[in-house]
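Visitor: Hello! Could you walk me through this structure, one question at a time?

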Amino acid sequence: RQNAVDWVQKDPDRQVMICNIKSGGVGITLTASSRVAFIELPWHPADCDQCEDRCHRIGQKDSVQCTYFIGENTIDEYIYEIIARKRKIVNQVMGLDEDTTGEMTMVDELIGIYSKE
């Protein structure tokens, strides 16, 4: 894995590195890159953030663009909705989401995440 990271970080002609969420999401710095594309999804928003943050590090000179490829009418749409709902819950718990007027309680939301409507 480190050889692939060095390959991208040290050679300006190398513009692509392909990783999965687990191997590309922790313990590496990819500041030579400014674009991240996801073709798979984890189950938790923190894993998305962790992967995105491989490029958002000290030494990054460009703005970073993250793109999620979600196939229409696929399980990915459903997983992405789950991730978004989990992110909302996390933001509420952390006090980052101040407008909760008319919202379900967090317990209702947690229960609803795992039951397809």
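Guide: Helices (H or I, at least four residues) and strands (E, at least two) are DSSP runs, numbered from the N terminus. This is a predicted model, in which local features need pLDDT of at least 70, side-chain atom pairs count only at pLDDT 80 or more, and totals for chains, interfaces and linings use all residues. Residues are numbered from 1 along each chain as its sequence is written, and side-chain values use heavy atoms, with hydrogens and water left out.

Visitor: Is T31 buried or exposed?
Guide: A residue is buried under 20% relative accessible area, exposed over 50%, and partly exposed in between (1.4 Å probe, protein chains only). T31 has 16% relative accessibility, so T31 counts as buried.

Visitor: Which residues is T31 in contact with, leaving aside its neighbours within four places in sequence?
Guide: Contact means heavy atoms within 4.5 Å. With those neighbours set aside, the partners of T31 are Q9, R54, C55, R57, I58, G59 and Q60.

Visitor: Where does L30 lie, and is L30 buried or exposed?
Guide: L30 lies in the loop between α2 (21-24) and β1. Beyond its neighbours within four places in sequence, L30 is in contact with V5, Q9, M17, R54, C55 and Q60. The relative accessible area of L30 is 9%, so L30 is buried.

Visitor: What separates the C-alpha atoms of L30 and R57?
Guide: Along the chain, L30 and R57 are 27 residues apart.

Visitor: How many residues does the largest nonpolar core have?
Guide: A nonpolar core is a set of buried Ala, Val, Leu, Ile, Met, Phe, Trp, Tyr and Cys residues joined through side-chain atoms within 4.5 Å. In the largest one, the residues with the most contacts inside it are L30, V36, F38, L41, C55, Y68 and I83. β1 (35-38), α3 (45-52) and α4 (75-93) each supply at least two residues of this core. The number of residues in the largest nonpolar core is 14.

Visitor: Is A37 buried or exposed?
Guide: A37 lies in strand β1. Leaving aside its neighbours within four places in sequence, A37 is in contact with T67 and F69. Because its relative accessible area is 52%, A37 is exposed.

Visitor: How are α3 and α4 placed: roughly parallel or roughly perpendicular?
Guide: P45, C48 and D49 in α3 meet I83, K86 and R87 in α4. The axes of the two helices come within 8 Å and cross at roughly 95°; axes are lines fitted to C-alpha atoms, for helices over the stretch in contact, and angles run from 0 to 180 degrees between N-to-C directions. Angles under 35 degrees count as roughly parallel, over 145 as roughly antiparallel, 65 to 115 as roughly perpendicular and the rest as oblique. That makes α3, relative to α4, roughly perpendicular.

Visitor: What pattern does the chain follow along the sequence?
Guide: The chain has 5 helices and 2 strands. Read along the sequence, they give the pattern α-α-β-α-β-α-α.

Visitor: Which element has the lowest mean pLDDT?
Guide: pLDDT is the predictor's confidence in each residue, from 0 to 100. The chain has a mean pLDDT of 82, and 86% of its residues reach 70 or more. Among the elements, α4 has the highest mean (89), while the lowest (68) belongs to helix α5 (residues 106-113).
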